[in-house]
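User: I would like to learn how to read the features of a model like this one. Please take them one at a time, with the general idea before the case.

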Amino acid sequence: MEQADIDVVSIEGLTIETIIGVYDWEKEKKQQLVLDIQMSWDNQRAATTDDIDDALDYAQVSERVSAWVAEKPRQLIETVAEGVATLILNEFGVQNVEVRVAKPGAVPNAKNVAVTVRRSVFDSPFG
């Protein structure tokens with residue numbers, strides 16, 4: 001994802017309550033997911049104009065991602081990571097994205113479990 005001429009806009013620790021899991025008890029109780037998102041974006045124009053319309057609006061990204069994650073139950077954090085990456089690529093004009101989805105307390109004796117996906121519009125045969 002790192003390119004010399006591309007900046008990164010990050011959202012760290014985006015906490016979302018949702019139904020997530022494969023066990024019966026998980027399908028009845030909301031659990032917390034914590035997302036870290038890094039998006040490639042050229043910040044030069046926004047820095048020059050000082051106009052939000054020229055920036056990647058991380059508030060809008062956060063709101064949209066939160067709504068998508070919470071909208072329906074899912075079994076796997078892998079599904080969440082892939083879906084969030086696809087959503088960001090399709091809806092926000094980002095060319096590269098890295099999404100880390102953590103599920104704290106999912107495994108006894110582990111502080112956290114997480115998956116990370118890196119996706120690009122160039123991964124698609126039509127990209």
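User: Which ring does the charged end of Arg-74 sit over?

Analyst: This is a predicted model. The thing to look for is a charged group placed above an aromatic ring, with its distance taken to the ring centre. Here the ring belongs to Trp-68, and the charged end of Arg-74 is 3.7 Å from its centre.

User: How many aromatic pairs does a search of the whole structure find?

Analyst: A pair of aromatic rings is described by the distance of the centres and the angle of the planes. In this case there is nothing to describe: the search returns zero aromatic pairs.

User: How many bridges join S1 and S2, and which residue is the bridge partner of Thr-15?

Analyst: Ten bridges join S1 and S2, and Thr-15 has Val-34 in S2 as its partner. S2 and S3 pair over six bridges, with Ile-37 opposite Val-99 in S3. Strand S3 (residues 96-102) pairs with S4 over seven bridges, and Ala-102 stands opposite Ala-114 in S4.

User: Why is S2 described as largely enclosed?

Analyst: In a regular strand the side chains alternate between the two faces of the sheet. For S2, eight of the eleven residues are buried, so the strand is largely enclosed by the rest of the structure.

User: Which residues touch the most other members of the largest nonpolar core?

Analyst: They are Leu-35, Met-39, Val-65, Val-84 and Ile-88, in a core of 30 residues. S1, S2, H2, H3, S3 and S4 each give two or more residues to this core, and H3 provides the largest share, with eight. Ile-88 shows what such packing involves: leaving aside neighbours within four places in sequence, it is in contact with Ile-37, Met-39, Val-61, Val-65, Gly-93, Val-94 and Val-97.

User: Is Lys-103 buried or exposed?

Analyst: Relative accessibility decides the class, and under 20% means buried. Lys-103 is at 8%, so it counts as buried. It lies in the loop between S3 and S4. Beyond four places in sequence, its contacts include Ile-20, Glu-26, Gln-31, Leu-33, Ile-77 and Asn-112.

User: What is the phi of Asp-50, and what is that of Asn-109?

Analyst: Asp-50 is not a glycine, yet its phi is positive, about 55 degrees. Asp-50 sits in the loop between helix H1 (44-49) and H2, and counts as exposed because its relative accessibility is 73%. Asn-109, also not a glycine, has a positive phi of about 70 degrees. Asn-109 belongs to the loop between S3 and S4 and is exposed, with a relative accessible area of 88%.

Definitions and conventions: Residues are numbered from 1 along each chain as its sequence is written. This is a predicted model: local features need pLDDT of at least 70, side-chain atom pairs count only at pLDDT 80 or more; totals for chains, interfaces and linings use all residues. Side-chain values use heavy atoms; hydrogens and water are left out. Rings of Phe, Tyr and Trp (its six-membered ring) pair if their centres lie within 6.5 Å; planes under 30 degrees apart count as stacked, over 60 as edge-to-face and the rest as tilted. A charge sits over a ring if NZ of Lys or CZ of Arg is within 6 Å of the ring centre and within 35 degrees of the ring normal. Two strands pair if DSSP finds at least two bridges between them. Helices (H or I, at least four residues) and strands (E, at least two) are DSSP runs, numbered from the N terminus. A nonpolar core is a set of buried Ala, Val, Leu, Ile, Met, Phe, Trp, Tyr and Cys residues joined through side-chain atoms within 4.5 Å. Buried means under 20% relative accessible area, exposed over 50%, partly exposed in between (1.4 Å probe, protein chains only). Contact means heavy atoms within 4.5 Å.
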